[in-house]
Amino acid sequence: MAGTALRRRLGHRRLTARLVETRDETATARTLRFAVPGWPGHLAGQHADVRLTAEDGYTAQRSYSLSAPADGEFVELTVQLVPDGEVSPYLVRDIEVGDEVELLGPLGGWFVWRPEQPGPVLLIGGGSGIAPLRAMLRARSAASPPFRLLYSVRTPSDVYFAGELDSPDVTLLYTREAPDGVERTPHRIDAADLTAYGLPAAEEPTCYVCGPTSFVETVTGLLIDAAHDPARVRAERFGG
Ligand SMILES: Cc1cc2nc3c(=O)[nH]c(=O)nc-3n(C[C@H](O)[C@H](O)[C@H](O)COP(=O)(O)OP(=O)(O)OC[C@H]3O[C@@H](n4cnc5c(N)ncnc54)[C@H](O)[C@@H]3O)c2cc1C
């Protein structure tokens, strides 16, 4: 009873989500679109917990960012396959349109972008860490402050949302193999990349960094070294 009251106060719910559509992003990642009756809406950057229950009652629960902005009673998750993982192989390979999962959300109140928030926005994602940043990019409007996205990926075939990222505000930073015509030699993101493609600390952007833990640690360190105020650096770690 107390738990239900607290959950209502926090604004998140445990709901049944029915898969209505899937879209392959890469050979090992896909976007899942669910219909979720009763979904209360969410802010760009929030996540949800997916709970799977086997016939014998065994359950497994994992967090996934909401990869699209609020859209009535629909949500999208974008999942990278973790080889030998428990939950991601089911979501990337096995779940079929019409199947149901339990969804707890929306969750998280810090790693969010609010449309009324002042100031420019610097998004830096590594691999599947693009998921909540894509929701932020799509949540902005013509009236929004400037956005800049730096997206670190291994090779061209690892890029999610490829059709949406062709914009002067977006820079793809390849770490292993770049397409023909890209001058930057493939390497992991460094201080020179932040200077060349990011936003200067003097413009006081709110920075959102998301991806595997080691990526997030590296990039937040680079931002602080480049004089970004730690109070304006927000990070989400996916594990790994
Ligand atoms: C707030 C939050 C949001 C997240 N959003 C997303 C998202 O949008 N998309 C997405 O694909 N994932 C996301 N994740 C990661 C996700 O929750 C799972 O950790 C991931 O899908 C692996 O789960 P699994 O059950 O397949 O693997 P597990 O069975 O949990 O782990 C198997 C092995 O893989 C390692 N491992 C666990 N997680 C990762 C990882 N992320 N990368 C590499 N190795 C890993 C483990 O250490 C273990 O050795 C998010 C995590 C958090 C905390």
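The model is predicted. The protein chain contains five helices and eleven strands. With a radius of gyration of 18 Å, close to the 18 Å that the globule rule gives for 240 residues, the chain is as compact as a globular protein of that length.

**Overall dimensions and contacts**

- Taken along the principal axes, the box filled by the C-alpha atoms of the protein chain is roughly 50 × 40 × 30 Å.
- Of the 240 residues in the protein chain, 36% are buried; a residue counts as buried if 20 or more other C-beta atoms lie within 10 Å of its own.
- Among contacts with a separation of 6 or more, 67% are between residues 24 or more positions apart.

**The six-stranded sheet**

- An open sheet is formed by six strands in the order β4-β3-β6-β1-β2-β5, and their pairing is antiparallel.
- At its edges are β4 (59-65) and β5 (74-80), each of which pairs on one side only.
- From one strand to the next, the twist averages 35 degrees.

**Strand pairings within the sheet**

- Strand β1 (residues 13-26) runs antiparallel to strand β6 (residues 100-107), and six bridges join the two. In this pairing, Arg14 has Leu104 of β6 as its bridge partner.
- Strand β1 also pairs with strand β2 (residues 29-35) in the antiparallel sense, over seven bridges. Here Glu21 stands opposite Arg33 of β2.
- The bridge partner of Arg30 in β5 is Val79.

**Helix α3, an enclosed helix**

- Helix α3 (residues 130-139) is largely enclosed by the rest of the structure, because eight of its ten residues are buried.
- The buried residues of α3 are Ile130, Ala131, Pro132, Leu133, Arg134, Ala135, Met136 and Leu137.
- Elements that cover these buried residues include β4, β5, β7, β8, β10 and β11. Of the covering strands, β4 and β5 are the edge strands of the six-stranded sheet.

**Helix α5, a helix with a buried face**

- Helix α5 (residues 213-225) has 13 residues and reaches 18 Å from its first C-alpha to its last, close to the 18 Å expected at 1.5 Å a residue.
- Its buried residues are Phe215, Val216, Val219, Leu222 and Leu223. Viewed down the axis of α5, these buried residues fall within an arc of 135 degrees, so they line one face of the helix.
- The other side of α5 carries the exposed residues Thr213, Ser214, Gly221 and Asp225.
- Packing against the buried residues of α5 are β7 (121-126), β8 (147-153), α4 (191-197), β10 (206-211) and β11 (233-237).

Notes. Residues numbered from 1 in each chain as written. Predicted model: local features only at pLDDT ≥ 70, side-chain atom pairs only at ≥ 80, totals over all residues. Helix = DSSP H or I, 4+ residues; strand = E, 2+ residues; numbered from the N terminus. Expected span 1.5 Å × (residues − 1). Buried ≥ 20, exposed ≤ 12 C-beta atoms within 10 Å, placed from the backbone. Arc of directions from axis to C-beta. Contact = placed C-beta atoms within 7 Å. Rg over C-alpha atoms; globule rule 2.2 N^0.38 Å. Pairing = 2+ DSSP bridges. Axes fitted to C-alpha atoms, helices over the stretch in contact; angles between N-to-C directions.
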